[in-house]
Amino acid sequence: MKAAIIGGTGYGSIELIRLINKHPYLEIGSVVSNSQAGVNFSDVYPHLSDIVVQPLETFDANRLSEDNEIVFLATPSGVSSKLAPQLLENGIKCIDLSGDFRLRSAEEYENWYKHSSPEEKYLKQAVYGLSEIYKEEIREASFIANPGCYPTATTLGLLPIIKSKLADENFIIIDAKSGVSGAGRGLSLTSHYSEINENVKAYKLGKHQHIPEIEQVLSDEGGNPITITFTTHLVPLTRGIMCTMYVHLKEKIPTKKVIDLYKQFYQESHFIRVRPEGNIPSTKEVMGSNFCDIGLHVDERTNRLTVISVIDNLVKGAAGQAIQNANLMNGWDEQTGLTDLPMYP
Ligand SMILES: NC(=O)C1=CN([C@@H]2O[C@H](COP(=O)(O)OP(=O)(O)OC[C@H]3O[C@@H](n4cnc5c(N)ncnc54)[C@H](OP(=O)(O)O)[C@@H]3O)[C@@H](O)[C@H]2O)C=CC1
Ligand SMILES: CC(=O)N[C@@H](CCC(=O)OP(=O)(O)O)C(=O)O
């Protein structure tokens, strides 16, 4: 099946290309670039020499829909909202990696993203692509809003305890750290080497655009409105997200029981690895893979649960989950093309 990628020279795009290259049923049809149309891909990314041989294309919804059967939009928020509708009107399957179609409420979107919202009908058409949780809906979908990187690590780490009703939903704190590739390839002062090297910075306190996305999923699944405290940090890594989350428990329950609950919740989820007691995951242990690893510890003194959830932001947090969703949409095994082990060390 031919796949097109829009946002061709960005990090999401090259990660999609890496994964599609070894996917048995997908091949690269078109790669669209706004900034470098006409240029050979290998001139931008020499590491992909002889892999993507076609030149970068301009965006043309009709041509893309004729030449391909699925489109991945790896474009920034505010851009996907303009491009995806043109493709959807041609009846082609789309998976959008941006935040444009993740929130159900147009008003919430405009408050947090500061762009005008996409049209309501496309917000309704979009299925939120948290693969492990919305599998059945994704199988039937023609348009996926792929989750954000932080929301993937956070919601996968919190949903078992939220759904168990053992959590005090008024006390959920998420301390999140991301490597710099999470901000994309664009140049900015904050991702400048000497600003980020040997440094850890908290950013977007109380303003992060992923707050409403996380709250939407937790509230939907928890059955009550849930608010969170969510603080993001930029750390000197290229890839990786670690979310360290604190949940006050309503009753006394030992770590082992919480681990059993998580293992039961994810018993059919190949990509979620719940660690045994005393075994806490680190970002390198998932790097380059589609795994989300979860470590758990209950402090019996305070009756608080600490959840540590790690992913590779570009794989499970973006391109890998997008491929997992493409697999589900096409009736393929969800692991297809995603069997790479983490790169360690
Ligand atoms: N990086 C990550 O870890 C994650 C990213 N995402 C989301 O995925 C999407 C892609 O992210 P990522 O690849 O990292 O970002 P990048 O900034 O690396 O790439 C985005 C690409 O989109 C294209 N683009 C930029 N501006 C415009 C524009 N005005 N019109 C059309 N195209 C434009 C550019 O490519 P070109 O000029 O070649 O078209 C650009 O390289 C974003 O929405 C991001 O928020 C989601 C989860 C994780
Ligand atoms: C490290 C870093 O800067 N990360 C970005 C993630 C952006 C992203 O993925 O944006 P959407 O999911 O909203 O499309 C951030 O915190 O804003």
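Predicted model: local features only at pLDDT ≥ 70, side-chain atom pairs only at ≥ 80, totals over all residues.

Mentor: Residues are numbered from 1 along each chain as its sequence is written, while chains are lettered from A and ligands numbered from 1 in the order in which they are written.

Trainee: How many helices and strands does the chain have?

Mentor: Helices (H or I, at least four residues) and strands (E, at least two) are DSSP runs, numbered from the N terminus. On that basis the secondary structure of the chain comes to 12 helices and 13 strands.

Trainee: What is the radius of gyration of the chain?

Mentor: The radius is taken over C-alpha atoms, and the globule rule is 2.2 Å times the number of residues to the power 0.38. For 345 residues that rule gives 20 Å, and the chain is close to this value, so it is as compact as a globular protein of that length. Its C-alpha trace spans about 65 × 45 × 40 Å along the principal axes. The radius of gyration is 20 Å.

Trainee: What share of the residues of the chain count as buried?

Mentor: A residue is buried if 20 or more other C-beta atoms lie within 10 Å of its own, exposed if 12 or fewer, and partly exposed in between, with C-beta atoms placed from the backbone. Of the 345 residues of the chain, the buried share is 48%.

Trainee: How many residues around ligand 2 are nonpolar, polar and charged?

Mentor: The shell around ligand 2 includes Ser 77, Ser 98, Cys 149, Gln 209 and Leu 234, and at least three residues come from each of domain 1 (2-125) and domain 2 (150-313). Ala, Val, Leu, Ile, Met, Phe, Trp, Tyr, Cys and Pro count as nonpolar, Asp, Glu, Lys and Arg as charged, and the others, Gly among them, as polar. The shell divides into three nonpolar, eight polar and no charged residues.

Trainee: At which residue does α12 bend?

Mentor: The expected span of a helix is 1.5 Å times one less than its number of residues. A straight helix of 15 residues would span 21 Å, but α12 (residues 315-329) spans only 18 Å between its end C-alpha atoms. A bend is the angle between axes fitted to the seven residues ending at a residue and the seven starting there. In α12 this angle is about 45°, and the residue is Gln 321.

Trainee: How many residues of α8 are buried?

Mentor: The 16 residues of α8 (residues 149-164) should span 22 Å, and the end C-alpha atoms are 24 Å apart, which agrees. The helix bends by about 40° at Leu 158, and Pro 160 follows within four residues. α8 is largely enclosed by the rest of the structure, so the buried residues number 14 of the 16.

Trainee: Is Lys 114 buried or exposed?

Mentor: Lys 114 is placed in the loop between α5 (106-113) and α6 (120-125), and its phi is positive, near 60°. Lys 114 has 10 C-beta neighbours inside 10 Å, and therefore it counts as exposed.

Trainee: What is the phi of Lys 204 near?

Mentor: Lys 204 lies in the loop between β8 (201-203) and α10 (210-222). With 13 C-beta neighbours inside 10 Å, Lys 204 counts as partly exposed. Phi is positive here in a residue other than glycine, near 50°.

Trainee: Which peptide bond is cis?

Mentor: Pro 345 lies in the segment after α12. With omega near 0°, the cis bond is the one from Tyr 344 to Pro 345.

Conventions. Near = placed C-beta within 6 Å. Domains from an automatic or database assignment.
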